[in-house]
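Please look at the sequence and the 3D structure together. A short report on selected local features comes after them.

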Amino acid sequence: MFASTALIAALVKSKTVKANDVHKPVELSREAIESVTTQLKEAATANEDAASTAGSQTTVVDEETTLQLQSRVKNALQVLFSDNKARLVDVNHTVDYVAYGLSDLIFVYPGNAGGYLGQELKNWQSSIRNSQGNLVKVIEMETREGALQAVQGALDSTTKSASVLTSSEALLSMIPNIHALALARQPVVFHVGAYGVDEELVAHSQVDAVLAARNSGAIVLSSSTVQEAHDMAVIAHILARSVGLPVIHYFDGSSVNIEKASLLPYSQLATLDDTKASTGGDAYAEAERLLAKFGYKPFEYTGAVDAETVLVALGTSSVADAINKANAKVGLVTVRLYRPWSEAGFIASLPQSTRQIVVLEQTDGLFAFNGPLFLDIAAAVRFGSLARQSRPRLVTAQASSFTHLSAGHIPLLVKEAEEKNFVDLATGVFLEVVEEPKEEQAIWSAIFWDVEQDGSADAAKHVSHLLHEQEQVAVQVARDTYRLGGAVVNTHIVKNNKSVNAKADFIGIHNVALTKEFDILESANKKATVVLNGPWKHGDDIEAHLTNEFKLKLTQLDIKLYTVDAARIAEELGLHRKSTHIVWEAVFLALTQSDKNAVELLKGLYYELDSVVDEEGNKAELAPLVNQVVEKVAEQLVNVELLPPWTILEINDEVLPTRPIARAVLSEEDDDSDASTAVEEGEQELGEVSKWHKAAWQVMFKEAYATESAVRPDLHEATYLIKLSENKRLTPTTYDRNVFHLEFDTTGSGLKYQLGDALGVHGHNDAAEVNEFLTWYGLNGNDIISIKNADSGKQETRTIFQTFSQTLDIFGRPSKKFYEALASYATNPKEKDHLLYLISSEGKEEYKKRVDDTITYEDLLREFTSAKPPVEALVSIISEIKPRHYSIASSQKMYPNSVHLLIVAVDWVNAAGKKRYGQCTRYLADMKVGADVTVSIKPSVMRLPPLDTQPVIMAGLGTGMAPFRAFLQERHVLKAAGKEVGPMVLYFGSRNRRMEYLYGEELEAYNTDGLLTHMGLAFSRDQKQKVYIQHKMMEDAELLHDMLVTKNGHFYLCGPTWPVPDVKDAVVFGLKNYGGIDEKKAGSLIEEWKEKEKYILEVY
């Protein structure tokens, strides 16, 4: 199920939706959806079942929290209350659904692992009605000695039906009272998730405790798939009321498989609940009748009709799959109804050719050598109706689980059974991987590898949902919560519900670090498609990031390797850091379903939970966002050619695991909610403040603390530490605009950039202002604060001064979420009301005025003095400083160890008369030579034409000159090397020549040299009439037509947005008057050039 069931509770609680009618499907009106989405938005910060396979929670799409999406809102409601159409669900949700529909009282006994049975039902009880139209009482209990006494007490004075949802571990303490319930003929249904957790925290199926209750007088049913769990759950409730006895329905509680299952609507469940037994109260006969009604038998045989060896097991679908694929005279009897036991029923299920019976006993050693199932079968064979001469030989085969058995193991088991009375299935050849039959290799499957904190894991869930709508699929998830560096999630999707051991045709590796921890390609088919997350475009770029073993296997399997930089796409589109799964969904569709409309498929996965208009009047919406994601993926997805040297690499002998260990989650204390940036007190983990000595310990005892040093560990992109070598003002000091030139020494930093790239500068706040704020707020800048990195899960330690100087945007503009969070700390009621008023619809105008006045976080803290969050909370509710990107004004071919920037200092005075500064330009303008700067690289579309001889027409205003200086340097180097270069035309505009002719001397020199073949200089204030670059271009209309059309040149504009239409008009003028192209066709031609990246705009 791919939406939180909390959604359902929210829907029916809304006043626009009535509690569900017993006999009618829920109708989802637009008003209903709007009502529920409003409630979900308010609850978005809650920590709701994050580890649950119910799947996607609220997705905040952009960094400003202007658009929130809910995954498959409408489908989640349909799956539970509308019809019996098949859906992808897990076993816990299936059993919850049936138990709720067929009960009046539900007692939930949580297990010790996260995502326990019945966990979500307490959210339903006040609103959702069961199949009989009644509200259900859900009581969560503690497991202790004498458990079930509350159940007995509740049933003594009522005729209401009751269910108990529990784990096998808790069931042990209930056995004495199950005896009492059976004697009292109380029809209580126990749904039991049978599992245990070993010393490695690995959850596995465990039925020992269930078998311990076999003689309690209760009926015992088993199921092994999600569909069977649904059907057996329904049968259990009808059977309990029919014969007046407790029924224990157990299933594999460790299973995290998501499977296709048909859920009966409550209206149909109501008609099935027939309490009149037609078999005279005989429990076995009544159970047999009800099982047959759903297409099952108490003992189900599968396999060869002339089988000589028959395996017997308590409900295990994996063994049935292995038997069906094995080419041997072997059969399997699956015991569906274990109590009451029928000797006659068991013997009747055996083929007459049976010579030996192998009893598969799932046990961890709680019982003796021969367990309960073996003893029951032995008694049936010895004392049943079989003739003495036809009694088969009995063998026991034991293991804690049989999921590792494949078709290739079956002949080995038969052979050992012929020679031994006891077969240990947990050792030797049975633990070795046996190749599946050849036809199995034709099954299409996909595997996704994710680190949970990256926000990409939901992609696999959504992809499986998309595939499920096209054909049947099976999904298996392995999640190791205790991996150092964050939980790793492996999701294996297989079409046609086949074995999840099938080799993969598509593998998405969303965190490249996992290639060093796991043998990922061991699960890949030949010629499989593999996509890696990263900025690399060539084999040379990626080589250092992959192990020799991985690269060698790429070549051996002839893998089709792709890369895409999901972080870059997210940054360019302004996506929230936890929303990269949307990018990966688009990547999957681009590589595997290119014949389908990816935009429509992705739009079908989400519903807008919230969309607001920002201060500039822009509204974020789902459809444009999905279009942008698909376009960006198509543009940036790169097919990387495998390098020939990778075929002869030396490899080591280390054997890496092929899948994560699926370790149980013992608690869910700290799950990061991405639904909001607002923080309520006690709602999320806060930072921890300590004195300097704790940081000193971490440095002194690095091994003990696993301490790592990093420049900016909080940043997602690759960063580099470079040194300022020149800071030169280009405009006179008497001029009101400070335009300055910076040069940074990149020696030893590893920084590489392409022509046209932008340099992301991670600026600091002004040190004096930071110290002033800290003093006023009562903070010691030398104290240490540790903050948990939401992505890596690691603690990052800094001084408080570092945090407010380098990380927190304390002097930046706060969002509405900060107002809301601050209100929760206000002790003065008037201040609290005022803060909440500002973010309400009534306070819209005052809030807008504050935005226009650039009110900062600091301003709000000083204004509302009763609201004083502790520093541990401030680090969570104040946004981080974002990097500012500046077009690089140099070519690395000319300056291999340097990078140059052209910047104008930004400052202004607000309505209150207070001077404000651009945070990063102030940081750079005041920087001293020798200072270190943290930077990153942002790629751009500003690239020179493919051919050096193609003309280049450049139009730049002010600091928009930066990339064109790099263009000129690049072609100057080529020309100096003796290569022919094409003509270069520059249109440059600023206020006046004397004050703002940026790089004027260089431009004149290039013009004299002939590299810069033509210049159109527009200094708007040097004459009475304003002259801009579009006027100069209009004068050169014939030249523009010749360069762009005749000589196939490229056009570039960099600077503010306002001249864009005028510049386009100048180009159209040239095309019309000197090319005979009418205005409409000229406009269409320019749009075509844009698509081909021949007409490039970089405006801001």
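## Basis

This is a predicted model, in which local features need pLDDT of at least 70 and side-chain atom pairs count only at pLDDT 80 or more, while totals for chains, interfaces and linings use all residues. Residues are numbered from 1 along each chain as its sequence is written, and side-chain values use heavy atoms, with hydrogens and water left out.

## Strand 20

Strands (E, at least two residues) and helices (H or I, at least four) are DSSP runs, numbered from the N terminus. Strand 20 spans residues 473-480, and eight of its eight residues are buried, so the strand is largely enclosed by the rest of the structure. Buried means under 20% relative accessible area, exposed over 50%, and partly exposed in between (1.4 Å probe, protein chains only). V473, V475, V477 and R479 point one way. A474, Q476, A478 and D480 point the other way. Both sets are buried.

Two strands pair if DSSP finds at least two bridges between them. Strand 20 pairs with strand 21 (residues 488-495) in the antiparallel sense, over eight bridges. There, V473 has K495 as its bridge partner. Strand 11 (residues 258-261) also runs antiparallel to strand 20, joined by two bridges. E259 stands opposite A474.

Six strands form an open sheet in the order 12-14-13-16-17-18, with mixed pairing. Strand 12 (299-303) and strand 18 (422-424) are at the edges; each has a single partner strand, so one side of each lacks a neighbour in the sheet. From one strand to the next, the twist averages 25 degrees.

Strand 16 (residues 356-362) and strand 17 (residues 393-399) run parallel, joined by seven bridges. E361 stands opposite Q398 in strand 17. Helix 14 (residues 372-383) packs on the sheet and touches strand 13 (309-314), strand 14 (330-335), strand 16 and strand 17. Contact means heavy atoms within 4.5 Å. The direction of helix 14 makes about 155 degrees with that of strand 16. Axes are lines fitted to C-alpha atoms, for helices over the stretch in contact, and angles run from 0 to 180 degrees between N-to-C directions.

## N765

N765 lies in the loop between strand 30 (758-761) and helix 25 (767-777). N765 is buried, with a relative accessible area of 5%. Its side chain reaches the backbone oxygen of L808 at 2.9 Å. Not counting residues up to four places away in sequence, N765 touches several residues, including V770, F804, L808, F811, I881 and Q919.

Conventions:
A polar contact is a pair of N or O atoms within 3.5 Å; within protein, one must be able to donate a hydrogen and the other to accept it, and residues adjacent in sequence count only if both atoms are side-chain atoms.
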